Amino acid sequence: MQFEKFHYDSLKSIQDKAAELGVTIPLSEDMKILAEPMTFGSHSAPNRLAIQPMEGCDSTPEGAPDVMTKRRYRRFAQSGAGLIWYEATAVVREGRANPLQSMLTEQNVDEFKALITETRDFYAKEHGYQPVIILQATHSGRYSKPDAPAPMIACHNPVLEKTPLPDSCIVTDDYLKGLAEAYGRTARLAKEAGFDGIDIKACHRYLFSELLSAYTRPGIYGGDFENRTRMIREAYAAAEAAVTGDFIFTSRMNTYDAIPYPYGFGVSKESELVPDVSEPIALIKRLQKDYGLELIDLTIGNPYFNPHVNRPYDIGAYEPPYHPLESVARAAECFRQVKEACPDVKVIGSAVTYLRQYSANLAAGMVEQGYCDMAGFGRQAFAYPEFAKDILTKGCLDPKKCCVTCSKCTELMRSVAPAGCVVRDSEAYMPLYRQHVLNNEKDVRHMVSNV
């Protein structure tokens, strides 16, 4: 199915297309609600805008922030977003997604502390307030690549494995039992480094996300709901036990994998095209009851397998099976159902960037209409780091600065190169794109002319 390139010139044109497709996209022209503070527990974000965890693949080999990492967070600090969700940070070396993935250790905690302090100081000087900053703690599981690819899977998945992986890739129960300790250690170090909280990552088919759909795995970490959620609950318990004082325990979590049952989480047994968020809701309620969960960051899909689900685009590696606006609407509806079922948990929604300059209208519409409490921006933050400042002070976004959803940042990451916006931040990232992804200058000119 071929779609035209993004051509919407008004909110009405988006609404008309959504009506034609039979979907609902919540939009608003009033940005004021995004300037309101959001309180959860004893913490308060100064506005309803967040920067989602965007992995840079530019740490030192030991996992500490490096030159490009520091540059990126200085740019993020320009935004004025009320919350920064710090990128995926491995809790163990074998769980790194690439050799330069962030990893917080006893040896480099002071380097993280310096970056967090610098970020807070810049916010205070530039914006007059400080953001909430949360560390995303992860194990890459199926996508582990500490040096060469070394997948560590919860169970076999014929949907994702064109060639079945050897059984030796399946992590043992004993390995998982010991993994909780690594999350406790990372939580303690995150608190020491100055983060406000930790995200026990359970999205995008990394290890904890895959365990949530491990219907076919035998033993105590697979099969029924109690077993499939055991690992994330053990990690929460270890993280809480390791930290004293005020600290946020949260997750960025998939509500819908868009992978057929019994290999996907949050999907109908009848069709992977139909979300069923009953289990994600049950898990969130369990985490709220047992661990005082007050904040959840929601997403959908698997960027390695079906990126059109959570990162819709017009031009990409393959033609998606349905219109990008359908992806936007489906994500928003998943978030709405969770928020309706869990009114006391603050919900961060995502998947807004496809609408370019109208992503601010989607963010405001989702918050205003009760789909979520805060809107998170991912790819947009790479391309347009001052996006939040412009939304809050101008009430709109500049289309000439917006992400064009070309996925070149993802191509850089997949090439194990520092990831950023090749189009809007070309001085920094075009040479890297040329070096790691493209073959010649002609390809570069062709790429730029087609976005």
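Analyst: Helices and strands here are DSSP runs, a helix having at least four residues and a strand at least two, and they are numbered from the N terminus. With that naming, His204 lies in the loop between β7 (197-200) and α5 (207-212). Please keep in mind that this is a predicted model.

User: OK, what is the phi of His204 like?

Analyst: His204 has a positive phi of about 60°, although it is not a glycine.

User: And is His204 buried or exposed?

Analyst: His204 counts as buried, because its relative accessibility is 7% and the cut-off for buried is under 20%.

User: Which residues lie nearest the centre of the largest cavity?

Analyst: His204 is one of them, together with Pro53, Met54, Arg252 and Arg311, and the lining of the largest cavity has 30 residues in total.

User: How much space is in the largest cavity, and what classes of residue line it?

Analyst: The largest cavity holds about 410 Å³ of space, and its lining is made up of 14 nonpolar, 10 polar and 6 charged residues.

User: Which elements supply that lining?

Analyst: At least two residues each come from β11 (374-377), α12 (379-383) and α14 (408-414). The largest share of the lining of the largest cavity is that of α14, with 4 residues.

User: How many cavities of 30 Å³ or more are there?

Analyst: The count comes to 3 cavities of 30 Å³ or more. The second largest cavity has a volume of about 100 Å³, and among the 13 residues that line it, Cys403, Cys406, Ser407, Cys409 and Cys421 lie nearest its centre. Two or more residues of that lining are given by each of the elements α12 and α14, and α12 gives the most, with 3 residues.

User: What about the classes in the lining of the second largest cavity?

Analyst: The lining of the second largest cavity divides into 9 nonpolar, 2 polar and 2 charged residues.

User: Switching to pockets, what lines the second largest pocket?

Analyst: The lining of the second largest pocket consists of Arg142, Tyr143, Pro151, Val159, Leu160, Glu161, Lys162, Thr163, Leu165, Tyr304 and Phe305. By class these residues are 7 nonpolar, 1 polar and 3 charged, and about 260 Å³ of space lies in this pocket.

User: Which residues does Ser144 touch?

Analyst: Leaving out residues up to four places away in sequence, Ser144 touches Glu94, Gly95, Arg96, His139, Pro149, Ala150, Pro151 and Met152. One of these, Pro151, also belongs to the lining of the second largest pocket. The side chain of Ser144 reaches two backbone oxygens, that of Gly141 at 2.9 Å and that of Glu94 at 3.4 Å.

User: Where is Ser144, and why is it classed as buried?

Analyst: Ser144 is found in the loop between β6 (132-138) and α4 (173-193), and it is classed as buried because its relative accessible area is 3%.

User: How about Ala124, where is that?

Analyst: Ala124 is in helix α3, which covers residues 109-127, and with a relative accessible area of 36% it is partly exposed. Not counting residues up to four places away in sequence, Ala124 touches Tyr129 and Gln130. The C-alpha atoms of Ala124 and Tyr183 are separated by 30 Å, the two residues being 59 residues apart along the chain.

User: Which residues does the cis peptide bond join?

Analyst: A cis peptide bond joins Tyr261 and Pro262, with omega about 10°, and Pro262 is found in the loop between β8 (248-256) and α8 (278-291).

User: Last one, what does UniProt list for residues 35-257?

Analyst: In an unreviewed entry, UniProt lists residues 35-257 as "domain: NADH:flavin oxidoreductase/NADH oxidase N-terminal". In the model, this span is 33% helix and 17% strand, and its end C-alpha atoms lie 31 Å apart.

Definitions and conventions
Residues numbered from 1 in each chain as written. Predicted model: local features only at pLDDT ≥ 70, side-chain atom pairs only at ≥ 80, totals over all residues. Heavy atoms only, no water. 1 Å grid on protein atoms, 1.4 Å probe; cavity = no way out; pocket = protein on both sides within 12 Å on 5 of 7 lines; lining within 4 Å. Points joined across faces, edges and corners; volume = space filled by probe spheres on them. Nonpolar A, V, L, I, M, F, W, Y, C, P; charged D, E, K, R; others polar. UniProt positions renumbered as here; feature names shortened; annotations may be inferred. Buried < 20%, exposed > 50% of the residue type's maximum accessible area, 1.4 Å probe, protein only. Polar contact = N/O pair within 3.5 Å; in protein donor to acceptor, adjacent residues only side chain to side chain. Contact = heavy atoms within 4.5 Å.
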